[in-house]
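I set out to go through this model entry by entry.

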Amino acid sequence: MITALIIAALLWFVVGLYLGRGYLAWTGTLILGIAAFLVDQGALTIGLQITAEVGAAIAALFGIPAIRRVVVSAPALSFVRGILPTMGETERIALEAGTVGWDGELFSGDPDWKKLLNFQPPPLSEKERAFLDGPVEEFCRMIDDWEITQSRDLPEDGWAFLKKNGFFGMIIPEEYGGLGFSGLAHSSVVVKLTSRSITAAVVVMVPNSLGPGELLVHYGTEEQKEHYLPRLARGEDIPCFALTEPTAGSDAANGQSSGVVCNATYDGKEVLGLRLNFSKRYITLAPVATVIGLAFRALDPDGLLGGEEDLGITCALLPRDLDGMDIGNRHDPMGIPFPNGPIFGTDAFIPLDFVIGGHDGIGQGWRMLMESLAAGRSISLPAQSVGAVQLAARVAGAYGTVREQFGSPIGRFEGIEEPLARIAGHAYFMDAARRLTCGFVDAGEKPSVPSAIVKAYLTEGMRQCMNDALDIRAGAAICRGPRNILAQGYAGVPVAITVEGANILTRSMIVYGQGAIRCHPFVQDEMAAVAEDDLGRFDRALFGHVNFTTTNATRSLLLGISGGRLAKAPVSGFEAPYYRKLTRYSAAFAFLSDMALMTLGGSLKRREKLSGRFADALAWMYLGSAALKRFSDDGRPDEDKVLLLWSLELALFRIETALAGLLDNFPVRPVAWFLRALVLPYRLTRKLPSDIRGSQAAKALLEGDERRERLTADIFVPKDDTPGLGLLERAMEMAVDARPVVAKIRDAIQTGMVEKTPAETLAERALEADIITLNEKGALDSADTARLKAIQVDWFDAETYQALR
């Protein structure tokens, strides 16, 4: 009886830990309950009595807040205060910027999947859809990326079209003359433009990303809004934003640009203002900008504003013709001719009214930038990445169908299937992540951690897929010219990888470094309590954290042993096990994160390799979640099942690999051995998508069916024989239509009805043998003609070649 009760109590204890019902309360209840039973039965030995008494003391010590605060929390507060790294004001602002949403659920160890599936992002409005189908399509038909590359600029009528149709005012509210578009619409415009011209996409996305327009909408004075926003919306003013410096790239908060408060003459009047000295570089649109947003550190050495000398980072708007400013020179970023260049300022004076937000905006620039960064970073580069990958999918699939070697389309060869599968799978989950993150933005969130994830991991996905697409096209991919529509996108990959936070930095420092504090349910509260010396708040956060950690430790072990089968799933279909597996890894991730914080403390901030692996795990949980969300939102189409499974198998493999890498390299080895037993009891179990799965995924791009259309639905597809994609599309359509004819001839050869001859005479032999009809031969001939035309590459005479850019 005693044994049964102990077993029942232990099960109760474990269930309590698994459900997170309070580790300390459950411990006290368990020990005292067993002790009480033993006392009642007269079976309490001296040893058990001591155990019960110790257990009761522990329960009282940890379970009664008044005792716990004095004996445990107060010493812990002093200890933590001593080990916490120093946090500057700029770092604090960056950590506090943005909101926590689904990323917090993934950090919890037990994500609420119903919450994700019930979240309904606002769809495109009729006005937004009409803009995509109207002006955006028309602009794509107007321009030619090869001509843009050779002329080193958009054509004049292209610039005029963009201005006339409000492309530069997508994020500006309608009340100021802008389009007032959603994040999803803004993103969709960039996706489509990217598929036609990287240069055009960059020119449009920069004014609608972090810069003067965005900052004015949220922080500008009414006078500034009324003056600038209508002009920006109409394209009368072209904006740029100058942040990066020679000595401050990723470490943007430590720039050397300065503005000293002083009195000087401006427009013939003596006014209080700022004398600016700055050196900026890599500033997109700077060569053509008429209004320049500038970030600098404001200084008041003479106390003219009556405060501190160092007023902090400040943002101001400068006219192009400002005395002392040198602007107009250009960088050449990988040969992509979007306007980009340096800006210099020497003793350039501006009135205080030029500061965004006026006098109240002085010293608020870093807060403005950090609070606004999430929206822009969620949209521009992820959209560019998705546009490039969808184009790669469309081109590689068509080329794999029309290009033949050894008598067969190259898409049938397993060596080609492998990269095709990667492109198809990436196209599926990358667009899922884009849509989900835009949905969060449109719902009013400022998803700082998800925005960093989609920026870094979607641009990396673009790099992988562009490499794969060029491998598939082989020689046709390395010969530049009007027919090679992937060359500029390929050349532009390093630009996307680098800007808005280089991927190395974003992965190794930002995603997890920010997420560990922002997304954790207790760490930020603990840090705030330490900073405020608030013992009561620290006590609640600390013991909430203890319960959180022990709960996830228990869940990690039980979910690891069961392969996630104990976790709940919001659906009952084939995808249910994947929800459970992601929950299992969420618990493991949360537990490992706490153990790293506990054992490494402030030094974890400097262990960027570990932080990068944490970032990998979190990012792939997010990407896997997005794929599941897309499948659900799309109505669970059976034909997309293989793409979802490919995406999830890749995500789970990447997550487990990241967690294993953490344990392999965890510096406190005895702790690592213990953690491995809890988190990965069977070591590595996940594998990359199988060859069969890859073959199935590749077919989504080769059949010319609805799957291919859905995977590439957001890009521009020419309706005529435009060199490049237009020719490939026509050739693929004809090749697919001719497949039944090819099958007839192949069957006739196998049965001996037609002798195998060279391809150019085979159709004629089949016609003579009444295997195919005259119309069928005509379809086959037309397909062959279109194929030969589509696979040609460009060449140039010597004079033209010498003039190429």
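**Entry 1. Salt bridges**

I counted as a salt bridge any side-chain nitrogen of Lys or Arg within 4 Å of a carboxyl oxygen of Asp or Glu. With that criterion I looked up a network of salt bridges, which links Asp431, Arg434, Arg435, Arg630, Asp634 and Asp714. A search of the whole structure returned 43 salt bridges.

Before going on I recorded the basis of the work. The model is predicted, so local features need pLDDT of at least 70 and side-chain atom pairs count only at pLDDT 80 or more, while totals for chains, interfaces and linings use all residues. Residues are numbered from 1 along each chain as its sequence is written, and side-chain values use heavy atoms, with hydrogens and water left out.

For burial I used relative accessible area: buried is under 20%, exposed is over 50%, and partly exposed is in between (1.4 Å probe, protein chains only). Helices (H or I, at least four residues) and strands (E, at least two) are DSSP runs, numbered from the N terminus.

Glu729 belongs to helix α29 (residues 725–737) and Arg394 to helix α15, so the pair ties together parts that are 335 residues apart in sequence. Glu729 is buried at 3% relative accessibility, and Arg394 is buried with a relative accessible area of 3%.

I then took Lys777 and Asp781, which meet in a salt bridge of 2.7 Å, N to O. Both lie in helix α32, four residues apart, and are therefore separated by about one helical turn. Lys777 is buried at 14%, whereas Asp781 is partly exposed at 30%.

The side chains of Asp237 and Arg231 form a salt bridge of 2.8 Å, N to O. Here Asp237 is buried at 7% and Arg231 is partly exposed at 28%.

**Entry 2. Cysteines**

How many disulfides does the structure hold? I found zero, taking a disulfide as a pair of cysteine sulfur atoms within 2.5 Å. Cys262 is in no disulfide, and the nearest cysteine sulfur, that of Cys315, is 19 Å away. The sulfur of Cys315 has its closest cysteine sulfur in Cys240, 13 Å away, which is too far for a bond. Cys262 is buried at 16% relative accessibility, and Cys315 is buried at 1%.

I treated two strands as paired if DSSP finds at least two bridges between them. Strand β2 (residues 258–266) pairs with strand β3 (residues 269–284) in the antiparallel sense, over nine bridges. Asn263 has Leu272 in β3 as its bridge partner. The hairpin of β2 and β3 has two residues between the strands, and Asp267 takes a positive phi near 55° there. With strand β4 (residues 291–299), β2 runs parallel and is joined by three bridges. In this pairing Ser258 stands opposite Arg297.

**Entry 3. Cavities and a pocket**

I worked on a 1 Å grid over the protein atoms alone: a cavity is a set of points where a 1.4 Å probe fits but cannot get out, and a pocket is an open set with protein on both sides within 12 Å along at least five of seven lines; lining residues have an atom within 4 Å of a point. Grid points are joined across faces, edges and corners, and a volume is the space filled by probe spheres set on the points. For residue classes, Ala, Val, Leu, Ile, Met, Phe, Trp, Tyr, Cys and Pro are nonpolar, Asp, Glu, Lys and Arg are charged, and the others, Gly among them, are polar.

The search found four cavities of 30 Å³ or more. The largest cavity holds about 330 Å³. It is lined by 26 residues, and those closest to its centre are Asp145, Arg196, Asn484, Ile485 and Leu486. The elements giving two or more residues to this lining are α9 (145–151), α15 and α19 (487–498). By class I noted 13 nonpolar, nine polar and four charged residues for the largest cavity.

The second largest cavity has a volume of about 90 Å³. Its lining includes Phe296 and Arg297, and β4 gives the largest share, three residues.

The lining of the second largest pocket comprises 17 nonpolar, five polar and twelve charged residues.
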